[in-house]
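Please keep the sequence and the model in view while reading.

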Amino acid sequence: MTTVALVANERSGSSDPERCAECLRSFGAGVRRFDIEQIDEAVVSGVERVVVAGGDGSIAPVAAAAGAAGLPLAVVPAGTANDFAGRMNLPDELPEACRLAVQGTRMRELELGWLNRERPFVNVASAGLPAPAARRASSWKRLLGPLAYAAGAVVAGLTAKPLTCLVDCDGRELLAGEAWQVTVAASGAFGAGVVLDGTDPSDGRLDVMGIEAGPRLGLVGLAYRLRSGGVADHPRAFQTRCTTAEVRVPDGTPFNVDGEVVTAGSARFTAQERAFQLVIG
């Protein structure tokens, strides 16, 4: 019998920890349940792997702890967008996700991004329009589901001001001045289906993109390029790959970190190579 620690975020969109635990048991697992605030206890509970059931914002802290403890991580998507699961081609239906979590044997080593060495992320951390977009979307998730992210982006595009910033990547200046968006990416997934061009979540490096501010009407074309690919070819978009990024912004500037808004101000981002093993097959 495989023994798993189920770390469940009951506040995630479709989370049902008891149903998830029963489903894991149906595939032969011994299950020890923990709340999202009990990550440290979960990884030292004598289990063989860790299962996180929650949205994108729940995954990175559990992944960091599981990786440090040398335990594989399995993901049962239970959020609104589930961008990480989509990026990793993980099943989104509960029975198949639980079967993989218990019986999966194929692993993939993945990186983590870190904001100021304190906050890990598996997808992206973004300043500029994505932060107010996430705030708007959070109040519409129950009504609109994944469409809340698009609605939040539209409102932010119509009302938010450009961000004053200086972005350095491994000591090289990427962007200085006003920007609509600065994104630091690990897996590169965000916004209910967007994937930043060229990202590799296994290379131990961060992909950094800055979109220089311009006419507000131009945001429609930028949004289309983000969703369809090719944003790096836009004349106001700048993208590079690095291991350390410095994003200097006004004090109190919020970042959208894996779908959760974090007030950080100027921040230093680092990549942790081979930070955890994800069960993928």
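## The loop that holds D258

D258 is located in the loop that joins strand 15 (254-257) to strand 16 (260-263). Helices (H or I, at least four residues) and strands (E, at least two) are DSSP runs, numbered from the N terminus. The phi angle of D258 is near 50°, a positive value in a residue other than glycine. Most residues other than glycine have a negative phi. With a relative accessibility of 7%, D258 counts as buried; the term buried means under 20% relative accessible area, exposed means over 50%, and partly exposed lies in between (1.4 Å probe, protein chains only).

This is a predicted model, in which local features need pLDDT of at least 70 and side-chain atom pairs count only at pLDDT 80 or more, while totals for chains, interfaces and linings use all residues. Residues are numbered from 1 along each chain as its sequence is written, and side-chain values use heavy atoms, with hydrogens and water left out.

## G57 and helix 3

G57 is a residue of helix 3, and its relative accessible area of 16% makes it buried. Leaving aside neighbours within four places in sequence, G57 is in contact with D258 and E260, where contact means heavy atoms within 4.5 Å.

Helix 3 covers residues 56-69, a run of 14 residues. At 1.5 Å a residue it should span 20 Å, and its end C-alpha atoms are 21 Å apart, which agrees; the expected span is 1.5 Å times one less than the number of residues. Because 10 of its 14 residues are buried, helix 3 is largely enclosed by the rest of the structure. The buried residues are D56, G57, S58, I59, A60, V62, A63, A64, A65 and A66. After helix 3 comes G70, with a positive phi near 75°.

## N9 and its contacts

N9 belongs to the loop between strand 1 and helix 1. Its relative accessibility is 10%, so N9 counts as buried. Not counting residues up to four places away in sequence, N9 touches S15, I36, A53, G54 and S58. N9 and P61 are 52 residues apart along the chain, and their C-alpha atoms are separated by 12 Å.

## The loop between strand 4 and helix 4

Both A81 and N82 are found in the loop between strand 4 and helix 4 (83-87). A81 counts as buried at 19% relative accessibility, and N82 counts as buried at 17%. For N82, phi is near 55°, a positive value in a residue other than glycine.

A81 can also be placed by its distances to other residues. From A81 to G57 the C-alpha separation is 11 Å, at 24 residues apart in sequence. A192 and A81 are 111 residues apart in sequence, yet their C-alpha atoms are 4.8 Å apart in space. A192 lies in the loop between strand 10 (189-190) and strand 11 (194-195), and with a relative accessible area of 24% it is partly exposed.

## Helix 1 against helix 5

Helix 1 (residues 17-26) packs against helix 5 (residues 94-103) at an angle of about 55°, and their axes are 9 Å apart. Axes are lines fitted to C-alpha atoms, for helices over the stretch in contact, and angles run from 0 to 180 degrees between N-to-C directions. The angle makes helix 1 oblique to helix 5; angles under 35 degrees count as roughly parallel, over 145 as roughly antiparallel, 65 to 115 as roughly perpendicular and the rest as oblique. On the side of helix 1, the contact is made by R19, C20, C23 and L24, and on the side of helix 5 by L94, P95, C98, A101 and V102.

The residues of helix 5 that are buried are L94, A97, C98, L100, A101 and V102. These buried residues pack against several elements, namely strand 1 (2-8), helix 1, strand 2 (29-35), strand 3 (49-54), strand 4 (73-77) and strand 17 (267-279).
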